[in-house]
Amino acid sequence: MNRLKLRPHSLYWLRSSASFPSLTQRLLFATLPLVAPTAMQAQQQTPPGVQPQPNLIITENFETGWDMGIQTQDHRCSNLEQMFSLVSTPVRSGQRALKTQITNCDERAEIVARTQFARDKTYWLGWSMYVPENYFKPGDSNAAFTIVQQLVHFAPAWDYPNSFRLKCGNPPHSVMILNRTPTNDYLSYRVTYPVEFQHGVTTLDCQTYAIPLTKNQWQDFVMQVRLSESQTGFLKLWMNDTLYIDYQGPLLTQDRRFGPGDIKFGVYVGDPNRGERTVYFDDLKIGDASASYQAVRSEKVQFRQTLPQ
């Protein structure tokens, strides 16, 4: 049987089930741009057994599968069943969670939301992430970072080298696990913003925020974001009900050729031969401006009882 060949950086849409007898047969290469779903589409995306909420665009609890895209690359040796799987432990809520995993010869295993954020609109985003003690096994190189969440809002600089000058690296808005020592890992969130736009060239700078990481325990994230080229833009990020990022200012370039992009979760290390990674995800929700902190936060609250509004 011929194996399905995944093109580099390609995005494939997947409607999975809890079992994977013919996973590759259910992949469809997406060539059309993503758009914000209508209320009817949002309701259709809600997994079985979960009551849709009007202000939630996406709800994924991974109980019976998931309805999101997957992204991988030619630089891989694992099959899709190894890279994406539903597990019964660890689980944040319900009976199942999503396990994303790459081996030393892989580069990425990410799920991609079937929606993109629009300019000058406010959104809420919530997810839970579990990093096991042995999530990282070194590879052939000394690279020790792991990108686990991306909010891609600028076209890759290497695709448009004459349109961007980067003082920081890609991806622009992302959560990374940085491995300093085997016992002293931490999370780093990079917020990228434009500082100049002249003659069709955007200069980007960034600010990074250090966030403590507790392994072998579920971490609950909530983000509120408004992507704008003006000072009305903002990004707030809570973890376990503690506010770690409160950024106010532009988050998009004035160049209207480039705007909001993909929303990704999983593991990505940039190139193959950088070791093995394993990270779990659960309780993924995306809401519009009418949603709230409580609407997108994990249903299994273990922290403060008084939550931000």
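Student: Which residues are linked in a network of salt bridges?

Tutor: Arg-92, Asp-220, Asp-241 and Arg-297 are linked that way. Before we go on, this is a predicted model: local features need pLDDT of at least 70, side-chain atom pairs count only at pLDDT 80 or more, and totals for chains, interfaces and linings use all residues. Residues are numbered from 1 along each chain as its sequence is written, and side-chain values use heavy atoms, with hydrogens and water left out.

Student: Why is the contact of Asp-220 and Arg-92 called a salt bridge?

Tutor: A salt bridge needs a side-chain nitrogen of Lys or Arg within 4 Å of a carboxyl oxygen of Asp or Glu. Asp-220 and Arg-92 have N to O at 2.6 Å, so the pair meets the cut-off. The rule gives nine salt bridges in total. As background, side chains of opposite charge can pair when their charged atoms come close.

Student: What makes Asp-220 and Arg-92 a pair that ties together parts of the chain?

Tutor: Look at where they sit: Asp-220 is in strand S15 (residues 218-226), while Arg-92 is in the loop between strand S5 (84-87) and S6, so the parts they tie together are 128 residues apart in sequence. Helices (H or I, at least four residues) and strands (E, at least two) are DSSP runs, numbered from the N terminus.

Student: And Arg-297 with Asp-220, how do you know that these side chains meet in a salt bridge?

Tutor: Their N to O distance is 3.4 Å, so this pair also passes the distance rule. Arg-297 lies in the segment after helix H3 (293-296) and Asp-220 in strand S15, so the parts tied together here are 77 residues apart in sequence.

Student: Are Asp-220, Arg-92 and Arg-297 buried or exposed?

Tutor: Buried means under 20% relative accessible area, exposed over 50%, and partly exposed in between (1.4 Å probe, protein chains only). Asp-220 has 2%, Arg-92 has 3% and Arg-297 has 2%, so each counts as buried.

Student: What about the side chains of Glu-110 and Arg-108, where N to O is 2.5 Å?

Tutor: Those meet in a salt bridge too. Glu-110 is buried at 1%, and Arg-108 is buried at 4%.

Student: What makes S15 largely enclosed by the rest of the structure?

Tutor: Eight of its nine residues are buried, so S15 gets that description. Two strands pair if DSSP finds at least two bridges between them. S15 and S8 share nine bridges in the antiparallel sense, and six bridges join S15 to strand S16 (residues 234-239), also antiparallel. Met-223 is the bridge partner of Leu-125, and Met-223 also stands opposite Leu-237 in S16.

Student: Why do Cys-77 and Cys-105 form a disulfide by the rule?

Tutor: The rule asks for a pair of cysteine sulfur atoms within 2.5 Å. Here the sulfur atoms are 1.5 Å apart, so the pair qualifies. The count comes to one disulfide. Cys-77 is in the loop between strand S4 (67-71) and helix H2 (80-83), and Cys-105 is in the loop between strand S6 (97-102) and strand S7 (108-112), 28 residues apart. Cys-77 has 48% relative accessibility and Cys-105 has 27%, so both count as partly exposed.

Student: What makes a space a cavity, and how many are there of 30 Å³ or more?

Tutor: On a 1 Å grid over the protein atoms alone, a cavity is a set of points where a 1.4 Å probe fits but cannot get out, and lining residues have an atom within 4 Å of a point. There is one of 30 Å³ or more, and the largest cavity holds about 40 Å³ of space. Its lining includes Phe-62, Trp-127 and Asp-282, and S19 gives the largest share, three residues.

Key. 1 Å grid on protein atoms, 1.4 Å probe; cavity = no way out; pocket = protein on both sides within 12 Å on 5 of 7 lines; lining within 4 Å. Points joined across faces, edges and corners; volume = space filled by probe spheres on them.
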